[in-house]
Amino acid sequence: MTSSQTLQRSGFDINLAAVGLITLLGALWALFAAAFAPDAAMKGQSWLILAGFLTGLLLVVGAIARGGVIVDQSEYNEDLIKAGVIASLFWGAAGLLVGVLIAFQLAFPVLNLDAFGFTSFGRLRPLHTSAVIFAFGGNVLLATSFYVVQRTSRTRIAGGVWPWFVFWGYQFFIVIAASGYLIGITQSQEYAEPEWYADLWLTIVWVAYLLIFLGTLWKRKEPHIYVANWFYLAFIITIAVLHVVNNLAVPVDFFGSRSYPVMAGVQNALTQWWYGHNAVGFFLTAGFLGIMYYFIPKRVHRPVYSYRLSIIHFWSLIFIYIWAGPHHLHYTALPEWAQTLGMTFSIMLWMPSWGGMINGLMTLSGAWDKLRTDPVVRMLVLSVAFYGMSTFEGPVMSVRAVNSLSHYTDWTVGHVHSGALGWVGFVSFGALYCLVPWLWKKKGMFSKALVDWHFWIATFGILLYITSMWVAGIMQGLMWRAYNELGFLEYSFVETVEAMHISYIIRAVGGVLYLAGALIMIYNVYRTIKGDVTETDEAVVPQPALAE
């Protein structure tokens, strides 16, 4: 089939019209918010929201005027994946930079410039967590899931213009949420800080994402659904449910920024940590396990070690994980039976998690030499090792006796970052290193040596980070529970902060090293896309034709 036969404009497209209607309604709401918002913060942000919706509306009108969007059913939609790769790198660098800044603010409080408001730790901390989790991690998941589902289904992504709506709509959500944090708009719930209007927009985008993924699987040419797609699908569906239930709220004003959660008190706390822990379990675990199950076998040219184990891993993980959230609420007003339930299921999680780790590592059977010759494989394998370590440490910390020492301390911070930097970060970097040559049709990355530098610098940064936080957290917990012979507290809170000062400095240095590795990667990717490839890592992945 010739390109002239497969390249065609869609003409009048009901999907394009629907996207246009959504952007028009959003623009009208933002315009009224700019005029009638009861709070100054919303009045300011509504102009940014209006600009975003108007830009989207103009793009839709332009596409309709040109006769619709160009569709080529004989090719995969790779431009969408390319955009996702670039967005991932941008948001990753931004999120890590903010993380380094707030780490130095904790080590040196003079840097906490609260006179400016938006430069204070309280505003920047949710900006950092949202940027690295939802902006960087979310874009990696969007890009890899759209890439994997097309190739394992042997069909072009479904939905016409909707995948682009999901991509740009998600970027728009990130901008709305981030700008809101900086001007003080937040509902003050961990991993769920955006206010009601941002949550509503994300719901629309996420439902479209789910329907696109399901539609692609529906029209697949490959009869079997590859296991990575099961993990992606579980991540998409569960995050949708978590997001909707946890963010049920009543706006104070339809054009204002404030809202009240439907649930309050201990019910709100339980719902929040049902959401919070499963955001880790499905956004930061299940989604990235989809990456592991596709990119490690693809990179080492080996099948998954045990497909049967991968199915057991999937079903046991998604059944057990959803019950583990109450372990965040030990020694609170939550009934003890609920705390024990969360602790029990957290301990049970160790088995399926390590089953998945073993499956990922054993996929290298017969290809262990690639650990010596390919730094991308080294990065992917180390990410799986960090996954195993984090999923062992987490259940241990959920035990009530251990939690009495670790909770509210920097041990938890170290645990979270061993998973975030080691597991999520490295498996993301590894996938992006695979995607860039494949998408831009290069023989390899610009410099394998720079990939090596990235690996070692970032690894050293992670080790500095987590070891300093382990020391700081355990010391912190022990100092808080120390009593003198009269029964009074041995140390004041300020003394515990002073004792952790050196650990905070080491943590900040570790963050600088991790950021430096990411910047090296961005430079390497830029030179690769530019075409300055001087080394051959592997052959370009062949692109099978889709046209019958």
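**Figure 1. Lining of the second largest cavity.** In this predicted model, helix α6 gives the largest share of the lining of the second largest cavity, with four residues. The cavity has a volume of about 40 Å³. Its lining consists of Gln45, Ile176, Ala177, Gly180, Tyr181, Ile185, Pro194, Glu195, Tyr197 and Ala198. Sorted by class, the lining residues of the second largest cavity are seven nonpolar, two polar and one charged.

**Figure 2. Met42 and Gly180.** Met42 belongs to helix α3. Its relative accessibility is 0%, so Met42 counts as buried. Along the sequence, Met42 and Gly180 are 138 residues apart, while their C-alpha atoms are 8.6 Å apart in space.

**Figure 3. The salt bridge between Glu195 and Arg258.** The side chains of Glu195 and Arg258 form a salt bridge, with an N to O distance of 3.2 Å. Glu195 sits in the loop between α6 and α7, and Arg258 in the loop between β3 (249–251) and β4 (259–261), so this pair ties together parts that are 63 residues apart in sequence. Are the two partners buried or exposed? Glu195 has a relative accessibility of 2% and therefore counts as buried. Arg258, with a relative accessible area of 39%, is partly exposed.

**Figure 4. The salt bridge between Glu190 and Arg125.** The count of salt bridges in the model comes to nine. One of them joins Glu190 to Arg125, whose closest N and O atoms are 2.8 Å apart. Because Glu190 lies in the loop between α6 and α7 and Arg125 in helix α5 (residues 121–153), the pair ties together parts that are 65 residues apart in sequence. Arg125 is partly exposed, as its relative accessible area is 28%.

**Figure 5. The salt bridge between Glu222 and Arg154.** Glu222 and Arg154 form a salt bridge in which the closest N and O atoms are 3.6 Å apart. Glu222 is in the loop between α7 and α8 (227–246), and Arg154 is in the loop between α5 and α6, so the bridge ties together parts that are 68 residues apart in sequence. Glu222 has a relative accessibility of 28% and counts as partly exposed. Arg154 also counts as partly exposed, at 39% relative accessibility.

**Figure 6. A network of salt bridges.** Which residues are linked in a network of salt bridges? They are Glu78, Arg151 and Lys441.

**Figure 7. Lining of the largest cavity.** The model has three cavities of 30 Å³ or more. The largest cavity holds about 50 Å³ of space. Around it are Ser88, Leu89, Gly92, Ala93, Leu96, Phe136, Phe429, Ala518, Met521 and Ile522. Which helices each supply at least two residues of this lining? They are α4 (78–107) and α19 (501–530). Helix α4 gives the largest share, five residues. The lining of the largest cavity has eight nonpolar and two polar residues, and no charged residues.

**Figure 8. The second largest pocket.** The second largest pocket contains about 1200 Å³ of space. It is lined by 44 residues, of which Leu59, Val161, Trp164, Phe165 and Trp168 are the closest to its centre. The elements giving two or more residues to the lining of this pocket are α2 (14–36), α3 (40–65), β2 (70–72), α4 and α6. By class, the lining of the second largest pocket divides into 23 nonpolar, twelve polar and nine charged residues.

**Figure 9. A nonpolar patch on the surface.** Six side chains are shown in this view: Leu21, Leu24, Leu25, Leu28, Phe32 and Phe36 form a nonpolar patch on the surface. Together these residues have about 570 Å² of accessible area. Leu24, one of the residues of the patch, is found in helix α2. The relative accessible area of Leu24 is 37%, which means that Leu24 is partly exposed.

Key. Residues numbered from 1 in each chain as written. Predicted model: local features only at pLDDT ≥ 70, side-chain atom pairs only at ≥ 80, totals over all residues. Heavy atoms only, no water. 1 Å grid on protein atoms, 1.4 Å probe; cavity = no way out; pocket = protein on both sides within 12 Å on 5 of 7 lines; lining within 4 Å. Points joined across faces, edges and corners; volume = space filled by probe spheres on them. Nonpolar A, V, L, I, M, F, W, Y, C, P; charged D, E, K, R; others polar. Patch = residues over 30% accessible without salt bridge, like charges linked within 9 Å, V, L, I, M, F, W, Y side chains within 5 Å. Areas by Shrake-Rupley, 256 points an atom, 1.4 Å probe, with all protein chains shown as cover. Salt bridge = Lys/Arg side-chain N within 4 Å of Asp/Glu carboxyl O. Buried < 20%, exposed > 50% of the residue type's maximum accessible area, 1.4 Å probe, protein only.
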